[in-house]
Amino acid sequence: MTTLKGPAQPRYVTGIGTLALPYSSSGRLPTCPIMLKRRVWLEIAAGRIAHISAEDANPPPDAVPDNTFDAQGSLITPGFVDAHTHPAFVDCRSGEFVKRCRGETYQQIAAAGGGILSSMRAVRAASEEELTTLVEKRFRRFLELGVTTIEAKSGYGLTVEDELKSLRAIKKAAQPSGLDCCPTLLGAHTVPPEFVDKPDDYVKVVADEMIPRAAKEGLAEAVDVFVERSAFNVEQARRVLEAGRSAGLKLRLHTDQFTSLGGVRLAVEYEVASVDHCDYISAVDIKLLAAAGIPIVLLPGAVFFLDQERYADARQMVDSGCCIALSTDFNPGSSPTQSLPLIMTLACLKMRLTPAEALWAATLGGAYALGRQSDVGTLFEDFQADFCLWDAPEIDYIPYTFGDQRPAAVFKKGMRFAE
Ligand SMILES: [Zn+2]
C-alpha cells in the first residue's frame, strides 16, 4: 500500500474496502459479533460518524480532495479501547527481564527489592512534571498503535501525595495527546514497605484519606484494588470499595490472577464496573458475573510475559454470556507491551477466541468495561469518529500477522493522529 495521504480532518472517508462494526445491545457477544460492510464511504461531522453509505454506493457528489480521505481499499476498525493500563511509572524494568532470562523468578526478583517496589521508589522520587512527560509519551505511543480511549491507573506512588501526583500526571498527559482517558486510583496496588507489618493501617490511609481527596480534586473516575495473597484480602478490599462508593466513584477489582480468594463475590455485591484478570476464576464465579452483567477485563499479556501456564477461560466466559474486554495491562513488570494486536493474537491462540471475538473485546468490550459503550468502541452513526485504517484485507490479519501489525493511519474524533 502506498502511504495514505489526505486532509487531517476530512468530511468524507471514501474507498473503504471493509468497515468492521462491533455490535451488541446487551454486552453479550452475538454469534457474529462484528458486522462487515464492503466498499462503503463515511461522512464525519463534529468528530462523529454522521453517515455510512450503502455498499457499492457512488462517492458523494461534493467529495473533493480537500475534504476527502481516500482509504485506498483499507480495512477500517474502531479505535481500540484499552480498559486496563498502568502507565504512571518512571523506568522500564528491562534489567529484571534479563534476570528472568537467566532463570530468576519474578518472586525472587521482588524479594530482592525489585518488582513493584522498585517502580514505587522511582515514582516517589520523580516530580509531577517528569511523570507527566513520561505518561504523555506513552499515550502518544498508544495512539500510534490504534488505541483511542484508555483507562489509566495510578498505583506506584503508594502514599497519598504520590498517588495524587500520579493521577495529576495522567490527567495532564491526556489533554495534549488527544486520548480519551478514564483515570483510576489504584492506591491499593500493594502494601508499601512502611506498612508491611500493619497492612490494615495502610488500607485506612487509602480509604480515609487517599480516596476522598482524589474524588474531591476530580482526579479519578474509579477506584481499583488488588485482591491477592501478595496484596489485599477480601475484607481489606471491602473497605476500599466502600470508601470508593461513598466518594461516588466507579469501582474495579484486580482479582483471581493467581488465586481465587472470593473477590468475584465481593465484586458482584458491590456491582463493580469491571472485574480484571480472572485467570483462576471458577466456573461458578463466571456464571455469577454473567448473571450480574459485569464485564471481565482479560489480560493475557501478563500471563504470557510472566510465563504462567493458566490463561483465563475466555471461551467459557463468552459461551456463558459474559461481557469480555481485552486489554494490554501495560506496566513495566508483568506486561510491558502497548500492542493490542499482539494481545489479540494471545487471546486467539491461548484463550480460544476467534479473531472477530478478540476484536470485539478490544473495542466495544473495552467500552462496556469503561461505561462508554454508547460513545466509543464501534462506528455506527452518532458514535465518535475514532478509527484505524489497516493494510489488511480482513480482520483475521490483525491477530494473524503477530507482532508486526500496526495501523496505517489512526483518527481520533475525526482528526488524523500525527506522530
Ligand atoms: Zn493491572
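Start with the whole chain: the centres of domain 1 and domain 2, taken over C-alpha atoms, lie 29 Å apart. Domain bounds here come from an automatic or database domain assignment. This is a predicted model, in which local features need pLDDT of at least 70, side-chain atom pairs count only at pLDDT 80 or more, and totals for chains, interfaces and linings use all residues. Residues are numbered from 1 along each chain as its sequence is written.

**Stop 1: the domains.** Colour 12–78 + 378–416 as domain 1 and 80–370 as domain 2. Where they meet, 25 residues of domain 1 contact 26 residues of domain 2. Contact means C-beta atoms, placed from the backbone, within 7 Å. On the domain 1 side, select β1 (12–22), β5 (75–78), α14 (397–400) and β15 (409–412); these elements each give two or more residues. Helices (H or I, at least four residues) and strands (E, at least two) are DSSP runs, numbered from the N terminus. That side has 14 nonpolar, six polar and five charged residues. Ala, Val, Leu, Ile, Met, Phe, Trp, Tyr, Cys and Pro count as nonpolar, Asp, Glu, Lys and Arg as charged, and the others, Gly among them, as polar.

**Stop 2: the sheet.** Show β6 to β13. Eight strands form an open sheet with parallel pairing, in the order β6-β7-β8-β9-β10-β11-β12-β13. Strands pair if DSSP finds at least two bridges between them. Find the edges at β6 (80–82) and β13 (324–326), each pairing on one side only. From one strand to the next, the twist averages 25°. Now zoom in on β7 (residues 147–153) and β8 (residues 180–188), joined by five bridges. Pick Glu151; its bridge partner in β8 is Cys182.

**Stop 3: α12 and α13.** Select 340–351 and 355–370. These helices pack at about 135°, with axes 9 Å apart. Axes are lines fitted to C-alpha atoms, for helices over the stretch in contact, and angles run from 0 to 180 degrees between N-to-C directions. The two helices are therefore oblique to each other: angles under 35 degrees count as roughly parallel, over 145 as roughly antiparallel, 65 to 115 as roughly perpendicular and the rest as oblique. Show side chains: Leu340, Ile343, Met344, Ala347 and Cys348 of α12 meet Pro355, Ala358, Leu359, Ala361 and Ala362 of α13. The contact has ten nonpolar residues, no polar and no charged ones.

**Stop 4: α4 and α5.** Move to 128–144 and 160–177. The helix axes come within 8 Å and cross at roughly 45°. Among the α4 residues in contact with α5 are Glu128, Phe139 and Arg140. The contact divides into nine nonpolar, three polar and six charged residues.

Terms used
Contact = placed C-beta atoms within 7 Å.
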